[in-house]
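Have the sequence and the 3D view open as you read.

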Amino acid sequence: MDALIDLLKHNPLMPRADLARLLGLTVDEVNARVAELERDGVILGYQTVINRDKWNPDTVTAVIEVKITPERDGGFDRIASRIAKFEEVQSCYLMSGGYDLLVLVEADTLRQVASFVAEKLSTIEAVVSTATRFRLKTYKENGAFHHFDTAPERLSVSP
Amino acid sequence: MSIPIADHVRDIPKSGIRDFFEIVQSMTDVISLGIGEPDFVTPWHIREAAIYSLEKGRTGYTSNLGLPRLRRAIADTVQKATGVRYDPNSEILVSVGVSEAIDIALRAILNPGDEVLYHEPCYVSYNPSVALAFGVARAISTSAEDEFALRADALEAAIGPRTKAVMLNFPTNPTGGVMDRAQIEAIAEVCIRHNLTVLTDEIYSELTYDGREHFSIVSVPGMKERTIYLHGLSKAYAMTGFRVGYACGPNAVIEAMMKIHQYSILCTSIMSQDAATEALERGEPAMLRMRREYELRRNYIVSSLNEMGLETFMPRGAFYVFPKITSTGLTSHEFSMNLLREKRVAVVPGTAFGKSGEGHVRCSYATGLDQIKVAMERIAEFVEETRQGRTRSAA
């Protein structure tokens, strides 16, 4: 299972026949295992990593550090899920340290991010403070580099 | 007048791989399965350690035996792998790759005319290294039927009055063969009974698959005192260009090897030693990730080759498969040359690794899966066309 997940993480488009050959399984077995992982919620989805310099380079990405007052019953979970449901929010994590939630936001314009923070996020009662930081440049995204090194040279035949 | 060349050097044949390499170099669009080194770049944290070493100005000589910290890391690594503890101060020498360690080990123990046995097909340097040390190398053939393991009875039958040492290399380049514990114990028993020294080249030992653990001959009780354990970081840690190997053995042998090493090499480059220290102390997770990738590719390549009718046993180690190509009616050399010319895929003829490699070719899977996939398609076409050609010419 570990190897299957690694392969899918790296390339969900890999043909099932190739997965089968690599794992020493039949195609039916691979299909069954993938279905099981999807059903159990181990695999939440499949996404494409986009080079932000080449596609909609003006899209705005921000990370927002949010301090909140936890609730007596729900702790952080209820507030966090309320924030996470906004469609501008790409990811939302509970963090240790100086603030509580780290919220990754993506929007078409700076104004949209500003209005999200000012009108939506800050107005939630439990939110104590926010600190918004904008992305300037991307070097690595989901494990993939934006600017690859040239392939190192190897001898074409060696002992 | 030309400068005369020493007889024992002149008599060494040119490596078969070298000729092949020249031809491949002159062609374009070749997919090479002929490469005996990892396709991975050295993990970044190890490269970064080498950069840090340079930044700190660590650019001088080290102790002839190698940096003490690296030797301690080696002692710990070897103990974990084999259960045998070597003293970092007196029983370990850091060499320039395993190749140097093999060379100086042979020079340290052989008198002119002493015989050294080795199993074949094998790495290209064993026979010439013995000859350069004025020894006599004798090959023992291994076969696909035995999954290229060395049989104890074959070893015993090859022992003569001048036999001094046996060289082992499991997992094996070029076959991917391994030996299990019982087989190794049988070999050890013969070596003890005939008072032979063992040189064990363990360069592929981490790259053992199917959840198996490599079993080293040095782990057999009574073998430590007669074994020279040779290993390095090139394959498992993808560090071929760093040139770091090491030898572990009884103090007297390491001292003798050190004499040769100090006058010819002096020491392994210090930044390479710093990188090797980082690899041994913190490199295991990255190494295990590479191993898993090799194992998956192995599955892919073996099932593809068998499907196209080239009988291939599932190798348990290293990163080579050694398919049998006799069903095509071609020799190893013909198969490799024709495949290269017609389909632009480079594999290495089995005969480059000794006579008993005839009927086989070596395909390395230290190559990206995309390349392997195309190579397998091209080989399948080649095999099909070769068979059809034979049928036509027979009719």
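Of the 159 residues that make up chain A, 14% count as buried. Please keep in mind that this is a predicted model.

Let us begin with the overall form of chain A. A compact globule of 159 residues would have a radius of gyration near 15 Å, whereas chain A has 21 Å. The C-alpha trace of chain A spans about 65 × 40 × 30 Å along its principal axes. Its secondary structure comes to 5 helices and 6 strands. Read from the N terminus, the order of elements in chain A is α-α-α-β-α-β-β-α-β-β-β. When contacts in chain A between residues at least 6 apart in sequence are considered, 52% of them join residues at least 24 apart.

Now zoom in on one pair of strands in chain A. Strand S2(A) and strand S3(A) run antiparallel and are joined by 5 bridges. In this pairing, A:Ser91 stands opposite A:Leu104 of S3(A). The two strands, S2(A) and S3(A), form a hairpin with 6 residues between them. In the turn you will find A:Gly97, with a positive phi of about 105°.

| Strand | Residues |
|---|---|
| S2(A) | 89–94 |
| S3(A) | 101–107 |

How many of the 6 residues of S2(A) are buried? The count is 0, so S2(A) is hardly covered, given that a residue needs 20 or more other C-beta atoms within 10 Å of its own to be buried.

Next come the nonpolar cores. In soluble globular proteins, nonpolar side chains tend to be buried together. The largest nonpolar core here has 120 residues, and B:Ala105 and B:Ala247 touch the most other members. Leaving aside residues up to four places away in sequence, B:Ala247 touches B:Leu93, B:Ser95, B:Ala101, B:Ala105, B:Ile228, B:Leu230, B:Ile254 and B:Met257. Another core, of 14 residues, lies apart from the largest one, and its members include A:Ala80, A:Val103, A:Leu121 and A:Val127.

Finally, look at where the two chains meet. The contact takes 12 residues from chain A and 22 residues from chain B. On the side of chain B that touches chain A, helix H2(B) (16–25) and helix H11(B) (284–307) each supply at least two residues. H11(B) gives the most to that side, with 6 residues. What is the make-up of the side of chain B that touches chain A, in nonpolar, polar and charged residues? It divides into 13 nonpolar, 7 polar and 2 charged residues.

Notes
Residues numbered from 1 in each chain as written. Chains lettered and ligands numbered in written order. Predicted model: local features only at pLDDT ≥ 70, side-chain atom pairs only at ≥ 80, totals over all residues. Buried ≥ 20, exposed ≤ 12 C-beta atoms within 10 Å, placed from the backbone. Helix = DSSP H or I, 4+ residues; strand = E, 2+ residues; numbered from the N terminus. Pairing = 2+ DSSP bridges. Core = buried A, V, L, I, M, F, W, Y, C linked by C-beta atoms within 7 Å. Contact = placed C-beta atoms within 7 Å. Nonpolar A, V, L, I, M, F, W, Y, C, P; charged D, E, K, R; others polar. Rg over C-alpha atoms; globule rule 2.2 N^0.38 Å.
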